[in-house]
Amino acid sequence: MISTVQQESAPETTTDLKQLAHDLVLRAMSGGATAAECVIREGDEFSTLVRLGQVETLKEAGSKSIGLRVFRGQRAASTHSSDFSREGLDRMLNSALELAKITSEDPFGGIPEPSQLGSLSGDLDLYSPDVYSLPGEERISYARRAEKAALDSDPRIKNSEGGSFDAATGHKILANSHGFIGEYQRSYCSVAAVPIAQDEKGAMQRDYWYSVARNLDRLESPEHIGKMAAQRALRRLGARKVKTQHVPVVLDPLVATSILQHLFEGVNGDSVYRGASFLAGKLGQLIAAPNVTVIDDGTIVGGFGTSPFDGEGIPTRRTVVIEKGLLNSYLLNTYTAKKLGLQTTANASRGLAGTPGIGPGNYFLQQGARTPPQLIGDVKEGLYVTEFLGMGVNLVTGDYSRGASGLWISGGELTYPVEEITVAGNLKDMFMNISEIANDLEFRGAVASPTIRIDGLTVGGE
Amino acid sequence: MDRNPFFFQHYGLTENDLERYLAAALSAGGDYADLYFEYLSSTTLSVDESMVKSASQGISAGCGIRVISGERTGYAYTDDLSPARILHAAKTAALIASGPAKTPSAGFQQKAARSLYPVTLPSVDAEITAKVELVMRADAAARAYDPRIKEVRANYGDELRNILVVGSEGTFAEDSQPLARMNVSCIARNETNSARGSSGGGGRVALDFFFGEKTPEYFAKESARQAILQLDAREAPAGDMEVVLGPGWPGVLLHEAVGHGLEADFNRKQTSAFAGLIGKKVASEKCTVVDNGTMPWRRGSLNVDDEGHQTQETVLIEKGILKGYLSDKLSAKLMGMADTGNGRRESYEHIPMPRMTNTYMLAGEDDPEDIIRSVKRGVYAVNFGGGQVDITNGKFVFSASEAYLIEDGHVTAPIRGATLIGNGPDALTRVSMVGNDLKLDEGIGTCGKDGQAVPVGVGMPTTKLDRMTVGGTARKDPGGFMQ
């Protein structure tokens, strides 16, 4: 019998936390700061894992933490804490003010101008308390159903790492010394299955599938997830190596998304101003094939990468990063925009500690017109990649070399599974050589890509 | 017992409180419960463009409560250490079980603890100006190395983690775990090319480590050297060939190829490619691989693991034969094997699981120069970025960041970064020579598993593998490659 325990005491209300953030900013200013910014994050998480029909883990918790960034003129420092006691907060404040005496004067530092600050209006549909509405037994049942669907789908699915159901809510508050105070809540739930297929020789292959949504209604059925996961594991059985060769490579949406993430790192203002990106200095130039248009949009209602304001309190927006192959914009926060003499794209991401980084809104490659089977149908001999392994990507040079597995394409059809091979090239060439983009764009996170075909890569094997 | 642990001093905890919390955790039955108190303070500093652009300090404290009932684990945590919140979390974790309440054993037993990192002044409490000096010196040294070094970033980070673990069977273990690390990354540029280099190190050491043993200049020069070298690197070959791994950090091979596959949880669930292979030959007889959490000052070392169990040296592979797994409390109990003290977690928010500490291969008898001389055509890889493994099918990769061609027994041209890929259960069967030059890494490794990151160490002597797949791009054979 599983049930949930109610909070014994009421949590602090939103107003209290907003007031707290505001007060800390004021105290920093009266303590000698010339600008200050406070962030508070609180969240709840629930997760359960069912393995071979039995509950293996149940986890439930809530947490809260606070971060402060202060400026003394052009010197900046930050502190953070999970201790909300009077002494804990005093210590955090005083440490920040002290620490800001030892950093360097940086003429490009500072919080945004007052005129830049603000928050998108209207309901962005980011929060649905229904992710917690299921009773405990029902949550476990989601996980159990996903795993069962995988185990029942084929006798070769003999083992499993389990089925899982996760839910989480988060609440973020940001206040700064220009008087900005903003907050938003987001929710999330997911169901996943990780089955293991085994062939007659005893060789095992594992794969997974999942669905993620901001509310429970939009979650795909656990049965569908389990079946998909099983199919993905089964199709890997009997995988072999292939000979070293140069062939067209088709990437499924999940692995194509990883290529898009490398592009994100390449247009990230932080790497660009330091010349640490293979795309530094390429603004306005042709960096990808003419069919490639990449967009970052933090304003899409209900999106996984949506928020009313960025990590510095600037309303999020839509930015065309690559338009028909031309590099149209970098992705920037206030600091990197100043360094490059450009305007911020409202992509500041703010953790608790340190200076703001740069993060995606809803960041995606625009889809094409043809179906994935049509893309594959054009390939005489080639590789369909379903998984990359490792981190062999050098963003300074663009050099790319990763482990891969997938299916061999022969005569326009997916044939036998392959593994223990490498895929290598250079990102500069790879973006120019995206010869096809399919019509299957679907968001499973903030970054998404349809199926793509890239020509001219080296497949390393025997 | 004469105790005055950190949490008794700072949070007014008493043994009575601990017993009360454990009783709440076992209020619905369950075989075992434990509490993990953590207080983590940390500092980070970074220099970029010769300016100290960021400085940060933080505190994170909380308590994680676990209840085990058969194979089931209930877990809850709180970052509010008030009795009401801890009791609430204990009752939440208790819901995994369903039976009559159990009583934790009365009284706690604290075992004599090791002292593998006896720092007098933890670096986190040291003067910040000394840390600023470290990153500024690193910046200056890297820039002075060569005018082609155009960008330098130096980071310093340290932490002190105070933990207290108490278990319902009477475990009482506390530890104060320092950890410090420096990193220097450089970008070199000439008329035509850009290249990067990086280096770093540290351990469970005090600040003076960086003023004596391993200075900022040491890491800065190493980082700059790699960046300059890479400016002229040529394309790496592609396909199967002989590979020689240099000593030290290339031990990441062991971490990926065998280490993860030997973590007991995967073997209990029969999801590892190594499941059922104990006593079988999984490597050449020249290979003996251990995991050792007891090495003084090392990044991967611990006096006690995160379940309060003493760490140890565990032989994983002895002369090619698979000897044992790395276990935590749950796996040990369910598999009827000894707890090897490898139960680790990222923080109080996380459930412990079997993890590596410092994993390395013992030295062999071959002269490293003979090993190179024995290779007609191959790759010599001395530095790596990181790696990854699929536990179930055993396929693993690791990515070389500094590598050279070997031609007719000589190390020749540097090559661009390339991923090496292999199959865990048979990669080490292809080890034909093992050097006498065992070295451990500098202390920068972080291992991720199920979303939890923990510090680890790796090491190995110069080692020759007769065949591995190298993931280069070279289309044409520069001198006999890709035959």
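The views below show a predicted model, in which local features need pLDDT of at least 70 and side-chain atom pairs count only at pLDDT 80 or more, while totals for chains, interfaces and linings use all residues. Residues are numbered from 1 along each chain as its sequence is written, and chains are lettered from A in the order in which they are written.

View 1. Strands are DSSP runs of E with at least two residues, numbered from the N terminus, and two strands pair if DSSP finds at least two bridges between them. Strand β7 (residues 238-245) of chain B pairs with β23(B) in the antiparallel sense over seven bridges, and B:D240 has B:T469 as its bridge partner. Strand β17 (residues 418-423) of chain B is also antiparallel to β23(B), over three bridges, with B:L420 opposite B:V470. Strand β18 (residues 431-434) of chain B pairs with β23(B) in the antiparallel sense over three bridges, and there B:V434 is bridged to B:T463.

**View 2. The two domains of chain A.** Chain A is divided into domain 1 (14-232) and domain 2 (239-462), with bounds that come from an automatic or database domain assignment. Between the domains, 26 residues of domain 1 of chain A are in contact with 22 residues of domain 2 of chain A, contact meaning that the C-beta atoms, placed from the backbone, lie within 7 Å. On the side of domain 1 of chain A that touches domain 2 of chain A, β3(A) gives the most, with three residues.

**View 3. The contact between chains A and B.** This contact takes 65 residues from chain A and 71 residues from chain B. On the side of chain B that touches chain A, strand β2 (residues 51-69) of chain B gives the most, with twelve residues. β2(B) also pairs with β3(A) in the parallel sense over four bridges, and A:H80 stands opposite B:G58.

**View 4. Confidence along chain A.** Over residues 1-12 of chain A, however, the pLDDT is below 50. Where pLDDT is low, the predicted coordinates should not be read in detail.

Notes
Contact = placed C-beta atoms within 7 Å. pLDDT = per-residue confidence, 0-100.
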